[in-house]
Amino acid sequence: MKLYQVVVKDIMRRKKRVLYASLGVVIGITTIIAVLTIALAGQTNIYGQLEKYGANLIVMPAISDIDIGLGGLSLGTLAVGDNYIFEDKLSEIRQISDGKIREALGIEDEGDIATIAPKLYMNTKVNGTFVIVVGVDPQEERQLKTWWKVSQGKYLEAQDEALVGAIAAELLRFNVGDKITLNGGEVTITGILEETGSNEDYQVFVPLETAQQAFDKEGLVSSIDIRALCNACPTSEIASAINENMPGVRAVAVKQIAETEMGMLEKVSKLLLALAAITLAVGCFGVVNTMTTSVHERIKDIGIMKAVGASRNQVIKIFFYEAIIVGVAGGLLGYVAGTLLAYIIGPLIFGGVAVTYVPQYFLPSLALATLIAVIASVYPAFRASKIKVADSFRSL
Amino acid sequence: MLEIKNISKVYGEGTAKVVALNNVSLRVNEGDFVAVMGPSGSGKSTLLNIIGGLDHISSGEVILDGERIDNLDENALVDIRRGKIAYVFQQYHLIPSLTALENVLLPLTFCGADKKDQKALDILKRVGLEKRAEHKPSQLSGGEQQRVAIARALVNDPSLILADEPTGNMDRKTGKEILALFEQLNKEGRSIVMVTHDPEIAGYAKEIVVLQDGQIVDKVNHAGGNKC
């Protein structure tokens, strides 16, 4: 029989007491796990939205819109006038982007690396209704919008073809084969997209040159999406390199937009975590309390053990083993309760965000709970070890 | 093997001062069976605790096998409890969450010898409890619990057994069985010091020491039949 077995057998007899002792840890761990799980769900949600956007960088004309803000608060942007980027800047943008990526990844590939998709947005009347016509580079756009699926017909190929978003097709009663007139130019609808849930559903896509010719915007684009296609790609660096070297355009890394949103989330998470830490500290005192009571209750048992040969260290060990069991139980219950709490509260905070349990938090929560329980047991264990056998029997 | 010289034990201070033992000297030789008698409050249990190093003394010396043990630190006393001296208590003092067998194994666990189940079983057999090995103390009678406690005391093969009113909680018949067990252990060469207030029980010992108000007032040696 090992010492830990003695402890386990004793705990099996005092299950309620041990559960009670672990309660302090459970509450602390529950709060922490709930906060972390919800924060992660929020983060995943933001990243998910970004992923759906496709581009890592957006290059826009430098003065196409004005930021409306109050101090540090952004109230959105106001678009003013027609501003375009000259198409010939594409090669320079490609040079900068690919150069930075090569530098970051340490590769010397000569081919194109980043997907660079220029776009020309035009608002026009088609069959009496206003729709947004987007001129795109069919190949680059396809690489950018990996989630696009053509539900009817085929993808853009020739200059006189058009691809229509699902809702636009429905509202305007477009079918594959229909001919539509865009400000004079005529194109044939050759494909209809599956619904994507974004504003693409309302747009009509035509090849860039077709749009430029139809609307007299030769050599001009509204914006350029850049997709770096790697997680380690230095998108912020690409953005600042473009901003430094190319007057007249403004590049923004989508990550930067995300970071603003993330920053807010992080601040709130930190505040909540601080509160959770306080809860855990209070819980720790709870454990000290129950453990000290436990020492008093077991004065006789400790005396017996000492009388039959337990050393002070062994008495301390007994209490630490107990603390480990309390900690593991507390961590386990705290993880489960925290995850359940996140499932309930998460959707309320982030408006229906799907919260998923995080297995990576399981072991750390056990470890943290155990650490807290062990720290909380130092003083009670020390007191137990000081018990004198004769005193323990006299006190009965 | 054991000698106590002029020991005194004082509890409390000032007006609350209680003298539990006053200048007591006693010798226990190998193979002795000493009964310490006296009314309650006479200091018998305190004496036993001091002999076993469970309690500190105010003055005097306790010598075990030629070594002073009254001034030893906790760790050195642990070594003594793990080999030379074992206790049997009136309240049995078994650990309620452990079975009879596990209670007997407990001293071995503390010694670091954790695979001695057979040894513990053999000792339980000696005290006639091999069939009760898997029972918890709450499922055993008083006599059976005391046998488990005796088995626990024997498992480390001690040369001195200290028993504090070992039959105090039993009926006469069970008590006699326990005392017979003590006599047998004594015949094997183990020294026994037993505290009791019952003259009949004390009669099982070879030597009787009578304590009153913290002082030895009488010593009777059955073996020789002489008063010392």
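## Two chains and the contact between them

In this predicted model, 23 residues of chain B are in contact with 19 residues of chain A. On the chain B side, two elements give two or more residues each: α2 (74-81) and α3 (100-111). Helix α3(B) provides the largest share, with 7 residues. By type, the chain B side divides into 11 nonpolar, 5 polar and 7 charged residues.

Start with chain A. It holds 12 helices and 14 strands. Its radius of gyration is 32 Å, well over the 21 Å that the globule rule gives for 396 residues, so chain A is more spread out than a compact globule. Along the principal axes, its C-alpha atoms fill a box of roughly 105 × 45 × 45 Å.

Chain B holds 7 helices and 11 strands. Here the radius of gyration is 17 Å, close to the 17 Å that the globule rule gives for 228 residues, so chain B is as compact as a globular protein of that length. The C-alpha trace of chain B spans about 50 × 40 × 35 Å along its principal axes.

The table sets out these values for each chain.

Contacts across the sequence come next. In chain A, take the contacts between residues at least 6 apart in sequence: 80% of them join residues at least 24 apart. In chain B, take the contacts with a separation of 6 or more: residues 24 or more positions apart account for 67% of them.

### A helix pair in chain B

Two packed helices are described by the angle between their axes and the distance between the axes. In chain B, helix α5 (residues 142-154) packs with helix α6 (residues 172-187) at an angle of about 15°, and their axes are 10 Å apart. The angle is under 35 degrees, which makes α5(B) roughly parallel to α6(B). Their crossing is right-handed.

Which residues meet here? From α5(B) come B:Gly142, B:Gly143, B:Gln146 and B:Ile150. From α6(B) come B:Thr174, B:Glu177, B:Ile178 and B:Leu181. The residues of this contact divide into 3 nonpolar, 4 polar and 1 charged.

B:Leu160 is found in strand β7 (residues 160-164) of chain B. It has 22 other C-beta atoms within 10 Å; 20 or more count as buried, so B:Leu160 is buried. Set aside its neighbours within four places in sequence. B:Leu160 is then in contact with B:Met1, B:Leu2, B:Lys84, B:Ile85 and B:Ser191. B:Tyr204 gives another reference point: B:Leu160 and B:Tyr204 are 44 residues apart in sequence and 17 Å apart in space, C-alpha to C-alpha.

In chain A, A:Ala114 is found in a loop, the one between α3 (89-105) and β5 (115-126). Is A:Ala114 buried or exposed? It is buried, with 24 other C-beta atoms within 10 Å. A:Ala114 and A:Gln143 are 29 residues apart in sequence; from C-alpha to C-alpha, they are 9.9 Å apart in space.

Most residues other than glycine have a negative phi. Two aspartates of chain B have a positive value.

B:Asp157 has a phi near 55°, a positive value in a residue other than glycine. Its place is in the loop between α5 and β7 of chain B. B:Asp157 has 12 other C-beta atoms within 10 Å; 12 or fewer count as exposed, so B:Asp157 is exposed.

B:Asp213 has a phi near 50°, again positive in a residue other than glycine. B:Asp213 lies in the loop between β9 (207-212) and β10 (215-221) of chain B. With 14 other C-beta atoms within 10 Å, B:Asp213 is partly exposed.

How values were computed. Residues numbered from 1 in each chain as written. Chains lettered and ligands numbered in written order. Predicted model: local features only at pLDDT ≥ 70, side-chain atom pairs only at ≥ 80, totals over all residues. Contact = placed C-beta atoms within 7 Å. Helix = DSSP H or I, 4+ residues; strand = E, 2+ residues; numbered from the N terminus. Nonpolar A, V, L, I, M, F, W, Y, C, P; charged D, E, K, R; others polar. Axes fitted to C-alpha atoms, helices over the stretch in contact; angles between N-to-C directions. Parallel < 35°, antiparallel > 145°, perpendicular 65-115°, else oblique. Left-handed = near helix turned anticlockwise from the far one by under 90°. Rg over C-alpha atoms; globule rule 2.2 N^0.38 Å.
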